[in-house]
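I opened my notebook to look at some helices and a few loop residues. Come along and check each entry against the picture.

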Amino acid sequence: MERVKVKIFPNETNELAEEIANLIVSEINANNAADRRTVLGLATGNTPLDVYRELIRLHKAGKVDFSRVVTFNLDEYYELPPDHENSYNRFMFDNLFNYINVKRENIHIPQGLIPTKDIQDFCQNYEAAIKAAGGIDIQLLGIGRDGHIGFNEPLSPEDSHTRMVELDKVTLNDAVREFGDVKLVPTRALTMGVNTIMQSRRVILIATGDHKASIIRKSVEMPVNPEIVASYLQKHSNATFYLDQAAASELTRSSRPWVSGAVDWSNPVLQHHAVTYLSQTTKKSIAELDVGDFVVNLMEGLLKEVPLATLKTKVLNEIVGKIVTNDRLPVKKSVLIMAPHTEDDVVAMGGMMQKLVANMNDVACVYMTAGAANVLDYEAQKFAMAKLIYSQHMGDKVALEKEQELVSNVTQYIAKKKASRFGLPEPIEMTTIKAVVREAEAASACNYFGITRCEFMNGASIEKLHHIFDKYHPSVIFACGDITDPNSAHRLCLRALIKAYQTYTVKDKPELWLYRVDSPEYSPIDADMLVPISTVEMESKIVGTIYHQSQNYKLQLGAKQLWQKVEERMQSQANLMKALGVTGYNSYETFKRFSAVTPAQTATTAVPMQTTPAATVQSH
Ligand code: PGA
């Protein structure tokens, strides 16, 4: 079923990056020993960053010498100056080249500022340089959500070489993350072709995060298909997909392991997974499932292990057992809510926040990043103007002068940025106003929920997190468990938090519960706690979300506002529960206990299911 070699690694460790970095270092060391050069094809984007960090670490530790290494990068945005903060030239120096001893003359990266008339020559020379270097030994690749490798967008020809391309809509939208606005994203790029990549002696494609799961399934399990350019790698004799569990989650071996071969049907986690999967596939409630459904879906073995009626009752009870009502939530405890961004707590657990306050817990919200990047310029301008108008009202002449200068600087910056093609670096005063906007929103939303203790960390180190733990002495910690983009603030915060939690040695270690924001709520299979939210709590949660006004903006016509998304995700969870046959509640918030997220496993085994029994946050 898998048409290309796949290796799967745990989500929350650095094992994937370490294995790839070690492989690259072994190749370089072997070539150095034989007095040969090593030619690396390099990728940009979030995906390879951990590999680059590991290569830098190994270099600093004296384990590898890059002086004979020659590099060729996959691509570059057309017309973007090499020193632009989003150019791939800048990316490579900032994230790798500045920290290793690769020779400047051995570095090759497509240049964004080549005049149009010279592009063809430039591209031919690029190909010639790769050949002259002896071809690429190891090519690193990421994958776009549209299946692109390099910037070879869907339908790129298999025999394509280095050339100029138009970027796909999915790619442009994904780049908004870096450029801030789709209008600022370059629409063209120079990229190595599919054939250029296929000529490499070894190809390593890396994909991490659940936002890549769907395209990974298509690239790995569907036949070669020009719509999915990464599927061409199935034809390469030495290509391997290195995936984390999240990116591998839609592969058959993870989502329906019983189809791929013999499974241990006595495993209760697998039984739970299989029955809920079957209910969703057949669109029948668990109670309605019959023997035929199991047979048609290759799960006969399960019924040999457990009789049908027993199985259905057992799984239904397991799901119902995860429903946690107010009386089973903590009472009069110290509860710490850690959020990467200022609105994440309300979006994910605005209902739980109300319940925790109602249960007289001592709740503190700690925000791990400033989140200034996600505030529109106009919101900052509005805030600067409010300061100015306030000092006019108060007749404060000294403040008035300062505020006039601030408004004028902000207004000028916005005008200049609008006139620039690819955006401008943001002045510190603008970034500061944006951070202040978010702090004010978070503090007032907390206040609305009756939470008076909140603080803003502006970047999370293990040391700072231990300090927070020591300050609040929590019995329970809630944290964001998103593992989408590997370099997103959410994932980086989670990593830091898990490290801090694991190294926090106190007698009564707090419980750690994860919630989700960027990804959908935890499914009834993955969740350990399903918390029903009443209509009244839901309404207050929406008001709390609206306090985060800077995050409720969407400029595209018809785009959903944040509060609408919040309502939708909670209702879709309730619909999922109803479809399984668990009625009675119209919306849920879902949580996963941390220990259940890191089952022991090896890199090469199939993704295991949750391995701990259902658990609840109990008041002790
Ligand atoms: P990403 O990009 O690593 O930032 O997800 C991958 C790609 O588009 O190739």
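**Entry 1: around helix H20.** I started with what covers the buried residues of H20, and the list includes helix H14 (344-358), helix H17 (428-448), strand E16 (529-532), helix H21 (549-552), helix H22 (562-580) and strand E17 (588-593). For me, helices (H or I, at least four residues) and strands (E, at least two) are DSSP runs, numbered from the N terminus. The buried residues themselves are Glu537, Met538, Ser540, Lys541, Ile542, Gly544 and Thr545. I call a residue buried under 20% relative accessible area, exposed over 50%, and partly exposed in between (1.4 Å probe, protein chains only).

**Entry 2: ground rules.** I noted that this is a predicted model, where local features need pLDDT of at least 70, side-chain atom pairs count only at pLDDT 80 or more, and totals for chains, interfaces and linings use all residues. Residues are numbered from 1 along each chain as its sequence is written, and side-chain values use heavy atoms, with hydrogens and water left out.

**Entry 3: the length of H20.** How far does H20 reach from its first C-alpha to its last? I found 19 Å for the 13 residues of H20 (residues 535-547), close to the 18 Å expected at 1.5 Å a residue. The expected span is 1.5 Å times one less than the number of residues.

**Entry 4: H20 meets H22.** The axes of H20 and H22 cross at roughly 145° and come within 9 Å. Axes are lines fitted to C-alpha atoms, for helices over the stretch in contact, and angles run from 0 to 180 degrees between N-to-C directions. I wrote down the crossing of H20 and H22 as right-handed; that is the clockwise case, while a left-handed crossing has the near helix turned anticlockwise from the far one by less than a right angle. H20 brings Met538, Lys541, Ile542, Thr545 and Ile546 to the contact, and H22 brings Leu562, Trp563, Val566, Glu567 and Met570. Contact means heavy atoms within 4.5 Å. Seven residues of this contact are nonpolar, one is polar and two are charged. In this sorting, Ala, Val, Leu, Ile, Met, Phe, Trp, Tyr, Cys and Pro count as nonpolar, Asp, Glu, Lys and Arg as charged, and the others, Gly among them, as polar.

**Entry 5: H2 meets H3.** Helix H2 (residues 49-60) and helix H3 (residues 88-95) have axes that come within 10 Å and cross at roughly 40°. H2 and H3 are therefore oblique to each other. Under 35 degrees counts as roughly parallel, over 145 as roughly antiparallel, 65 to 115 as roughly perpendicular and the rest as oblique. Leu49, Tyr52 and Ile56 of H2 touch Phe91, Met92 and Asn95 of H3.

**Entry 6: H15.** The buried residues of H15 pack against helix H16 (397-419), H17 and H21. Just after H15, Gly395 takes a positive phi of about 65°.

**Entry 7: loop residues.** Most residues other than glycine have a negative phi, but I found exceptions. Lys283 has phi near 55° and sits in the loop between helix H10 (268-282) and helix H11 (291-296). Is Lys283 buried or exposed? Lys283 is exposed, at 74% relative accessible area. Leu298 has a positive phi of about 65°, lies in the loop between H11 and helix H12 (300-305), and is exposed at 53%.
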